[in-house]
Amino acid sequence: MNTEIQSAEKAKHEFLVLHVRYLGAHRPFVDDGAPRTETLAELKPRVLEFFKLTEGGGQHGGKIYTFAHAGKSLTDLSTTLGHVAEGSHELKLDLVEQFEQG
Amino acid sequence: MASDLELSLFEQELVEVRELPEASRWLLERDGSVSLGLLVTMYPSGSPEEFYLARIRWTNLFEPASLKFLRLDTGADDDPTAWPKCKGFRPSSLDACVSWTAEGHALHPDWRNSPKTAFKTRDKPVEFALLTLQYELDVCYDGRGHR
């Protein structure tokens, strides 16, 4: 196996293609080279910035954003993208807005 | 009365949402009694035997939609047992006090005053309402309402 193929294989195992759909938005967040070791906590600021969203509570409550995968909420933000994707080279997540009443 | 833009976007979205992967779990039809409304039968992923008929209507497509649940057999909109119990849903009051419904904002007019609580207009309001409701059923469902 030549070096180029080896590098491509290595990249395939270290990175994945990530799509994050924000419900109701035209364009998804896409990262063709998202590290499999990236945690949801590390990913979240990148995604919120892309969709121009601010999380926060207050006296009257506020919005929080949660990732979901295959209809299940991903509440453990220390989870890595690779763990969620399992063996797949592609991962599709939803970003869901929730409202915490104050 | 809905504007031409709203009607056009609504028609376009009615086609597009049927292509969503989630749509394979829905029975979706237009609510012919209003300009901007639909009826959708959904079920929670954890309770696939529990069907709910939701009626979603917009007075303005770019504002929160009205959400009601109807009896599957009669279409009546005054039965708490037609409602799922989800976060913020109040079957006994026949409303959903959440930030994406008209009923929630009617109960909390102050929500409009802060960007932290105001409704954020969506590019695809129909898709947003349907997927948000499906998410609530899949993730937050806690049984059927009772009288």
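Tutor: From the N terminus on, chain A runs α-β-β-α-β-β-α-β, in a model that is predicted. That amounts to three helices and five strands. Chain A has 102 residues, of which 23% count as buried. Among its contacts between residues at least 6 apart in sequence, 66% join residues at least 24 apart.

Begin with the hairpin. Strand β1 of chain A covers residues 15-22 and strand β2 of chain A covers residues 29-35; the two pair in the antiparallel sense over five bridges. Within that pairing, His19(A) stands opposite Val30(A). Six residues lie between β1(A) and β2(A), and in the turn Gly24(A) takes a positive phi of about 90°.

Next comes helix α2 of chain A, residues 40-50, whose buried residues are Leu40(A), Leu43(A) and Val47(A). Seen down the axis of α2(A), these buried residues fall within an arc of 60°, so they line one face of the helix. Ala41(A), Pro45(A) and Glu49(A), on the other side of α2(A), are exposed. After α2(A) comes Lys52(A), which also has a positive phi, near 60°.

Now the contact with chain B. Chain A puts 16 residues into it and chain B puts in 19. On the chain A side, β3 (62-69), β4 (72-74) and β5 (90-100) each supply at least two residues. The largest share of that side, three residues, belongs to β3(A). By type, the chain A side has five nonpolar, nine polar and two charged residues.

The largest nonpolar core has 47 residues, and those with the most contacts inside it include Val20(A) and Leu95(A) from chain A, and Ala54(B), Ile56(B), Ala129(B) and Leu130(B) from chain B. The element that gives the most to this core is helix α3 of chain B (residues 125-140), with nine residues. Leaving out residues up to four places away in sequence, Ala129(B) touches Ile56(B) and Ala65(B).

Strand β3 of chain B (residues 52-57) and β4(B) pair in the antiparallel sense over five bridges, and Arg55(B) has Lys68(B) in β4(B) as its bridge partner. In a regular strand, side chains alternate between the two faces of the sheet. Strand β4 of chain B, residues 66-70, has Leu67(B) and Phe69(B) on its covered face, with Ser66(B), Lys68(B) and Leu70(B) on the uncovered one.

Arg57(B) is also in strand β3 of chain B.

On confidence, the model scores ipTM 0.80 and pTM 0.89. Chain B has a mean pLDDT of 95, and 100% of its residues reach 70 or more.

Definitions and conventions
Residues are numbered from 1 along each chain as its sequence is written. Chains are lettered from A and ligands numbered from 1 in the order in which they are written. This is a predicted model: local features need pLDDT of at least 70, side-chain atom pairs count only at pLDDT 80 or more; totals for chains, interfaces and linings use all residues. A nonpolar core is a set of buried Ala, Val, Leu, Ile, Met, Phe, Trp, Tyr and Cys residues joined through C-beta atoms within 7 Å. A residue is buried if 20 or more other C-beta atoms lie within 10 Å of its own, exposed if 12 or fewer, and partly exposed in between; C-beta atoms are placed from the backbone. Helices (H or I, at least four residues) and strands (E, at least two) are DSSP runs, numbered from the N terminus. Two residues are in contact if their C-beta atoms, placed from the backbone, lie within 7 Å. Two strands pair if DSSP finds at least two bridges between them. Ala, Val, Leu, Ile, Met, Phe, Trp, Tyr, Cys and Pro count as nonpolar, Asp, Glu, Lys and Arg as charged, and the others, Gly among them, as polar. pLDDT is the predictor's confidence in each residue, from 0 to 100. The arc is that of the directions from the helix axis to the C-beta atoms.
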